[in-house]
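Student: Could you walk me through reading a model like this one? I would like the general idea each time, and then the case at hand.

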Amino acid sequence: MRQFFIIPALLGFVLAILAGAFSAEAYAAGRLSDFVGKAVPSELVPGANRVGSLQGDQAIMPAYKDEQLLGFVYLNSDFANATGYSGKPIQLLVGIDPKGVITGLKLVDHKEPIVLLGIPEKRIMEAVNKLIGADIAGVVRGAAPAPQVDIVSGATVTVLVMGDSIVRSATKLIKSGRLGTPGGAPVAAAPQAVKSIDAAKGDIRDWESLLGDGSIRHLVMSVADVNAAFEKAGNAAAAARPEEGDPADVFVDLYVADVAVPTIGRSLLGNDGFARLSGRLKPGQQALVVAGQGRYSFKGAAYVRGGIFDRIELIQDTNSIRFRDRDHTRLGSLEADGAPAFPEIGLFVVPSEFTLDPTEPWALQLLVQRVISTREKAWLTFDLGYALPDIYLKREPVAPFAPPAPSASSAPPSVAAAGAARAPATAEDEPLWMKIWRGNTVKIATTIFALGALTVIFFFQNALVARPRLFVWVRRSYLVFILVWMGWYANAQLSVVNVLTFANSLLTGFSWEYFLSAPLIFLLWGAIAAGLLFWGRGPFCGWLCPFGALQELLNVFAQAIKISQYRVPWGLHERLWPIKYIIFLGLFGMSLYSTGFAEQLAEVEPFKTAIVLKFAREWPYVIYALTLLSAGLFVERFFCRYMCPLGAALAIPGRIRMFEWLRRYPECGTPCQRCAKECPVQAIHPEGHINVNECIYCMHCQELYFDDHRCPHVIQVRLKREKREALSSPSMRSGKGPATVITAGGRPIGSSTATAAPSATESPGGLL
């Protein structure tokens with residue numbers, strides 16, 4: 001049996017790594033010459049029958065009809081960021097005429113999971129093809145706004161990345177002056193001075209002064225403003241569904257600042273907070289604080305750990321990027337005097353692959369969505385522009401034949417930290433994660449109390465299971481609490497994504513502050529780590545998992561209304577439970593190649609749909625979650641048993657547990673089978689052995705262990721005790737008592753009948 005599990009598990013792991021390796025090799029060759037053969041010239045430039053040779057480092061190809069130049073072909077990712085949800089570029093061939101009008105598009109390569117697994121590629125391209133015919137030259141001149149694509153519900157990020165990369169790449173190509181010319185771009189005039197951040201300036205300033213000089217930029221829109229914007233956009237369906245409420249109500253109030261700049265960072269984060277941030281940043285890397293209030297969340301209701309922030313995008317020139325969870329740290333408050341108490345504050349470290357020049361203007365773009373129907377949404381974007389005030393900059397002349405002086409933004413973190421030490425002394429600041437914990441004291445206290453209660457239950461389990469009615473009441477009440485409060489209210493549903501993120505952080509740079517920024521998740525993982533040493537995976541799978549609680553409570557209801565329960569034959573059951581281990585190893589192997597892609601494959605877990613989003617999601621996800629829950633009505637905890645990758649991930653280290661808390665009798669399994677037959681998840685082998693890898697620690701077998709009316713061994717002990725007590729009673733010793741003293745199963749136990757066999761309802765023979 002052990003070989004049966006190990007061989008397919010290792011095979012799945014190896015195949016996942018090989019798949020990642022081959023995919024990585026394919027991605028490494030993402031150049032125009034590799035993809036131009038996937039389209040005929042006329043698909044990209046109508047009328048063209050051939051393409052010319054490559055031109056320039058950022059290659060373009062002229063498209064001809066015989067000898068007449070009709071336009072050019074290029075690859076979007078050569079000119080602009082095109083990284084999608086998968087973390088890999090979306091490759092599109094773009095056709096553009098000499099006047100700057102887009103003439104054709106073709107998707108030639110991508111690894112977007114939502115397109116690979118769900119939404120048809122044709123539907124994606126129908127939305128993006130709306131850019132064909134767009135005059136990008138007019139956009140460059142400022143004569144027209146940038147064209148936009150229609151978003152596709154469930155693939156918002158993918159479509160937006162494609163549309164943005166097409167527009168920005170065409171803009172960059174037009175600005176270069178290469179359209180209609182045979183060679184490269186014209187040479188720009190050499191800069192007269194180099195701008196850099198003045199690291200010597202690090203004074204502490206209040207909120208109003210930072211806001212007043214543009215150190216903090218601000219975007220505010222009322223309900224009326226947003227409704228008017230949708231009406232002006234010309235989408236009648238969206239305009240017919242205006243935002244309800246008082247038109248003067250604040251729809252969104254958004255603030256952004258570059259906190260890698262010493263004065264801004266120290267003012268908003270405090271000296272200690274800025275010093276810690278500086279220690280995390282690589283040379284030249286930037287970090288932003290984004291704060292918001294109002295009806296509309298810049299994070300979005302669908303955001304969970306391991307996800308992507310699809311409502312905000314960082315843009316500079318032709319490059320753009322959307323932040324991922326690993327770039328984000330939640331803040332409880334801002335340190336600047338007079339700063340408002342924002343319900344949402346995020347610290348975003350700009351990924352190192354995106355070069356943000358803090359001395360040049362950039363923008364944070366906010367996506368505002370409006371639901372038109374179940375499968376259709378309309379959207380608008382609003383730019384919050386940012387330009388660093390001159391007071392933070394210094395300009396140095398460019399010396400001929402000498403490299404420019406290094407900028408302050410590229411100073412080593414140690415220099416920034418030294419600057420922080422030279423700043424005026426203030427009251428000692430708390431670490432950022434402590435502020436987050438301080439802002440969630442009620443939730444943290446409730447979680448600690450719940451974990452403490454579970455610890456008491458486990459340590460005093462024998463006293464509790466000896467009272468079956470009380471135990472059933474305690475267990476079901478605890479599961480309801482975990483489902484309603486911990487899951488649906490606090491959204492503290494752990495996921496295999498947490499395991500993948502942790503493993504990835506060990507490879508790319510571990511940070512305690514990152515994990516401490518989510519207090520409830522951190523507390524749960526800490527408790528589970530300790531529980532693995534004592535009880536294995538059971539404390540989480542059987543008690544602390546909201547989705548597991550939902551499955552069990554639904555099954556209790558199913559049994560109450562007499563829905564027949566299906567018991568999986570043992571031979572089939574032990575061949576199904578390795579599936580979850582193979583799923584986990586496949587996800588882990590894929591995460592070594594692309595954490596983002598692995599996170600999308602982790603949708604095999606219905607936790608996000610059923611717990612975090614409370615089924616308010618696209619219908620395929622809802623149907624998938626409901627299907628698994630429906631299976632659990634007939635086979636208790638169907639998903640936990642056979643498909644849960646998180647359960648598999650916990651079972652592997654759970655093998656190191658130090659204690660055996662579940663008691664067994666020598667008769668268990670040979671000959672008695674009662675516990676094995678009544679185990680809700682069939683974690684007990686026919687020979688009586690409890691498989692702790694599959695055990696959810698429901699303690700049902702321990703109820704039986706102490707029950708002298710259900711456990712055959714304890715029944716025998718009780719009958720012997722009652723017989724001994726009967727024979728030693730005064731009436732029996734005097735010979736004057738009745739012949740029958742105690743009955744068991746309708747048969748008398750006395751001086752003449754005490755050796756009669758008990759009935760099948762109580763005897764071991766009736767339960768074997």
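**Reading helices, sheets and burial**

Tutor: Contact here means heavy atoms within 4.5 Å. Axes are lines fitted to C-alpha atoms, for helices over the stretch in contact, with angles from 0 to 180 degrees between N-to-C directions. Helices (H or I, at least four residues) and strands (E, at least two) are DSSP runs, numbered from the N terminus.

Student: What should I know about the source?

Tutor: This is a predicted model, where local features need pLDDT of at least 70 and side-chain atom pairs count only at pLDDT 80 or more, while totals for chains, interfaces and linings use all residues. Residues are numbered from 1 along each chain as its sequence is written, and side-chain values use heavy atoms, with hydrogens and water left out.

Student: How many helices and strands does the chain have?

Tutor: The chain has 32 helices and 18 strands. Of its 768 residues, 52% count as buried; buried means under 20% relative accessible area, exposed over 50%, and partly exposed in between (1.4 Å probe, protein chains only).

Student: Which order do the strands take in the open sheet of four?

Tutor: Strands pair if DSSP finds at least two bridges between them. Here the order is β11-β10-β14-β15, with antiparallel pairing. β11 (319–321) and β15 (376–386) are the edge strands, each pairing on one side only. On average, neighbouring strands of this sheet are turned by 25° against each other, direction ignored. Three bridges join β10 (residues 312–316) to the antiparallel β11, and L314 stands opposite I321 in β11.

Student: Is R326 buried, exposed or partly exposed, and why?

Tutor: R326 counts as partly exposed because its relative accessibility is 42%. This residue lies in the loop between β11 and β12 (328–330). R326 and I308 are 18 residues apart in sequence and 9.1 Å apart in space, C-alpha to C-alpha.

Student: Which residues of α21 are buried, and what covers them?

Tutor: The buried residues of α21 include P546, F547, L550 and A558. Their cover includes α16 (468–489) and α26 (619–634). Just after α21, K562 takes a positive phi of about 70°.
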